[in-house]
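Visitor: Please show me how to read the features of a model like this one.

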Amino acid sequence: MGFNIYDFTGMTHNMHVSFMEHMSPLMTTIVEWTIIGVCYLLFIALFGLFLVYAERKVCAMFQQRMGPMRVGYWGLLQTIADFIKLLMKELITPKGVDKFLYNLAPFIIMIATFMAMAVLPFAKGLQTLDFDIGVFYVTAVSSIGVIGILIAGWSSNNKYSLIGAMRSGAQILSYELSVSLSLVTMIILAGSMQLSVIVEGQRDAWFIFKGHVPALIAFVIFLIAGTAETNRGPFDLAEAESELTAGFHTEYSGIKFAFFFLAEYINMFIVAAMAVTVFLGGWMPLHFGSLESFNHVMDFIPPLVWFFLKVGGVIFLIMWFKWTFPRLRVDQILTLEWKYLLPINLVNILLMSLVVLTKFHL
Amino acid sequence: MSETKEIIISTDKIHTDQYLVNMGPQHPSTHGVLRLLVSLEGEVVHHIQPHVGYIHSGIEKMCEAISYPQIIHLTDRMDYLSAHMNNEAVALCVENALQVEVPDRVKYIRTIMDELSRLASHQLWWCVMGMDLGALTTFFYGLRDREHILDIFEETCGARMTVNYNLPGGLMFDIHPNFQKRVKDFLKEFKTKLPEYDELLTGNVIFRQRVDNIGHLTLEDAIAWGVTGPSGRGSGFSCDVRKHQPYSAYPMVQFEEKLDTKGDSFVRYRLRIEEMWESIHIIEQLIDNIPEGDYAVKMKGVIKLPEGEFYQRVESARGEFGVYIVSDGKKNPYRVKFRSPGFSNLFALNKMAAGHKIADLVAIMSTLDLVIPDIDR
């Protein structure tokens with residue numbers, strides 16, 4: 001089947017061709033969908049668990065302790081044990097909840113997460129959907145998640161949940177703007193919304209270097225707004241532990257809680273992956289214009305490794321500020337967005353347009 | 001089901017109202033079983049009604065049935081973070097009633113232990129303050145340094161928090177031979193660690209936005225509600241018992257009473273950090289000069305106070321802690337009343353937090369440094 005760690009297009013193409021030889025087109029589609037679905041499920045479950053473990057280790061590092069150490073080597077199996085515990089826990093439905101919505105909410109959040117995953121390019125040829133509106137699609141589907149949060153808060157019949165959900169609604173709605181606008185800035189530079197084209201465009205230099213100052217500003221804004229959109233500290237108002245106990249998922253237990261928990265981490269991965277794809281060259285290796293031998297060495301590292309290294313770096317950054325900063329207040333969060341990030345973003349788009357118009361980036 | 005549901009739909013306009021939220025008795029930021037009945041208008045806090053009594057343990061009533069040395073053991077269950085100050089208050093009260101003069105060695109050791117307790121208490125307060133604002137890392141920084149103090153306590157008297165080190169007339173035991181060295185080592189280390197607190201939290205933009213100009217308490221209100229300790233001094237209320245009614249070795253040391261008139265959350269925060277520096281300063285003056293002598297005065301087997309009323313106040317980590325004993329000449333008191341700082345401070349919360357957001361309520365509450373058993377005795 002021609003497995004090539006640097007380019008998956010051949011492999012996937014050969015698989016498709018061999019399926020078509022043996023099965024009807026409909027069957028082929030079904031089989032391919034199943035394979036992709038299982039891959040994503042496995043990836044989300046395993047990578048989500050790994051992120052939980054990583055977060056615990058990173059936060060332990062900041063807090064001068066060891067983190068999980070007992071289950072497995074260096075506590076590697078700790079999150080799996082925790083997940084099994086969550087699976088076996090009783091699902092409690094409190095009195096007075098809106099049962100249909102209450103049970104629906106975790107799935108909406110999970111579905112939104114899955115949908116956003118579909119377009120992420122992991123490596124060359126390792127991308128399920130490659131539309132011409134890829135970036136737009138990600139911003140669109142990732143905002144479905146907020147409906148899940150609102151429903152969860154509303155249906156839980158708990159005042160804390162409701163406050164948390166309303167905060168989250170206001171926050172995500174506002175920060176959606178910044179996320180989209182900072183992506184728009186980069187689309188102007190890339191000239192396309194198709195994620196594979198955006199990545200290809202960064203063969204010589206990543207957009208964050210190519211786009212000069214506007215790209216840097218857009219990156220910082222994207223990181224801030226992305227963190228806010230995933231409801232992570234210092235923007236974790238929706239589940240502000242010290243104020244609202246656990247916010248919108250206070251009343252959820254067992255696997256339903258695990259869904260919210262997992263979705264939060266996978267959303268963090270999606271934000272990091274988008275930041276990597278749009279700003280940091282996706283799976284492209286690090287290249288410097290004239291250093292031929294250096295570029296050659298960098299080419300030798302497989303794209304998948306590049307992608308996950310960069311994603312890991314961004315995720316570490318996001319974790320870093322979660323474990324360092326205090327939480328903002330709800331009005332301060334909205335002030336930050338509407339009074340600072342949004343105007344800066346708009347000016348930044350103009351700047352980027354100027355850069356592109358004058359061909360300064362080439 | 002025979003019940004019929006009545007559904008009222010107002011068509012003319014949407015009716016809005018305040019709603020009540022029970023913060024507590026089980027809530028992560030009330031640091032114990034405190035219940036605040038908060039009426040909210042959206043996110044804005046309208047009125048706060050604290051309800052206490054969930055862990056009331058009847059300590060004052062219990063004191064009527066036991067002898068004076070036994071009372072001391074109960075007092076460190078109240079404000080467990082300034083256990084030594086509470087113990088000392090009772091010991092001093094009994095000593096004053098009997099007009100016993102304790103040796104200088106006892107005074108010095110008591111004062112050093114006081115200030116170590118104050119440091120430990122303020123460290124824990126700092127941890128929790130950060131945590132209430134969502135900066136979870138502060139918790140581990142503070143506990144890291146507090147551990148050394150607790151180790152010193154453990155070596156000195158066998159207990160880490162509920163120290164029980166005082167007796168009427170002196171101390172239970174002499175200090176451990178290592179005591180001075182360990183305290184000096186700790187101070188040397190902590191002086192390098194305390195600036196980290198400022199680096200991590202004090203200078204942080206988000207933190208400053210959360211506490212600057214939030215939760216104002218005027219001098220009049222502070223006096224009217226009896227807000228003492230760093231919380232009261234933040235409003236300009238000079239209430240440091242160590243200055244105004246010095247006890248133990250406090251008359252012999254130089255230190256400043258930190259005051260500020262602004263009265264917001266940040267001032268209350270900053271005063272506590274400054275108080276830590278003052279505590280270090282006080283211990284440094286005493287630790288090398290502990291005089292030789294007895295660690296306790298020989299008292300009678302059964303201590304009986306003369307008939308009358310006795311009051312002694314000390315400065316605990318939270319404010320003015322008072323012991324009021326009414327004696328009828330028997331071996332146990334007729335009536336005991338403790339004036340705990342947390343109780344008075346808590347009820348000023350409504351003055352400070354009304355009109356702010358829920359998140360600010362949590363921040364303001366943590367600048368008051370509440371310990372619930374101190375409120376519910």
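**Sheets, helices and a contact surface**

Guide: Begin with an open sheet of three strands in chain B, ordered β6-β7-β8 and paired in the antiparallel sense. Helices (H or I, at least four residues) and strands (E, at least two) are DSSP runs, numbered from the N terminus, and two strands pair if DSSP finds at least two bridges between them. The edge strands are β6 (308–316) and β8 of chain B, each of which pairs on one side only. From one strand to the next the twist averages 10°.

Visitor: What conventions apply to the numbering, and to the model itself?

Guide: This is a predicted model, in which local features need pLDDT of at least 70, side-chain atom pairs count only at pLDDT 80 or more, and totals for chains, interfaces and linings use all residues. Residues are numbered from 1 along each chain as its sequence is written, while chains are lettered from A and ligands numbered from 1 in the order in which they are written.

Visitor: How many bridges join β6(B) to β7 of chain B?

Guide: Strands of a sheet pair through backbone hydrogen bonds, either parallel or antiparallel. Here nine bridges join β6(B) to β7 (residues 319–327) of chain B, and the two run antiparallel. One residue to look up is B:Val314, whose bridge partner in β7(B) is B:Phe321. Helix α3(B) packs on this sheet, touching β6 and β7 of chain B, and its direction makes about 145° with that of β6(B). For such angles, axes are lines fitted to C-alpha atoms, for helices over the stretch in contact, and angles run from 0 to 180 degrees between N-to-C directions. Two residues are in contact if their C-beta atoms, placed from the backbone, lie within 7 Å.

Visitor: Which residues of helix α2 of chain B are buried?

Guide: An α-helix has 3.6 residues a turn, so residues three or four places apart point the same way. In α2 (residues 68–75) of chain B, the buried residues are B:Tyr68, B:Ile71, B:Ile72, B:Leu74 and B:Thr75. They lie on the same side of α2(B) because they cover an arc of only 160° around the axis, the arc being that of the directions from the helix axis to the C-beta atoms. Among what covers them are α1 (59–63), α3 (83–98), β4 (166–167) and β8 (335–339) of chain B.

Visitor: What phi does B:Ser248 have?

Guide: Most residues other than glycine have a negative phi, and most peptide bonds are trans. B:Ser248, not a glycine, has a positive phi of about 45°. B:Ser248 sits in the loop between α10 (241–244) and α11 (265–287) of chain B, and is buried, with 24 other C-beta atoms within 10 Å. In chain A, A:Trp74 has a positive phi of about 50° and is partly exposed, with 14 other C-beta atoms within 10 Å.

Visitor: How many residues of chain A are in contact with chain B?

Guide: 23 residues of chain A are in contact with 26 residues of chain B. On the chain A side, α11 (241–244) and α15 (330–357) each supply at least two residues.

Notes. Buried ≥ 20, exposed ≤ 12 C-beta atoms within 10 Å, placed from the backbone.
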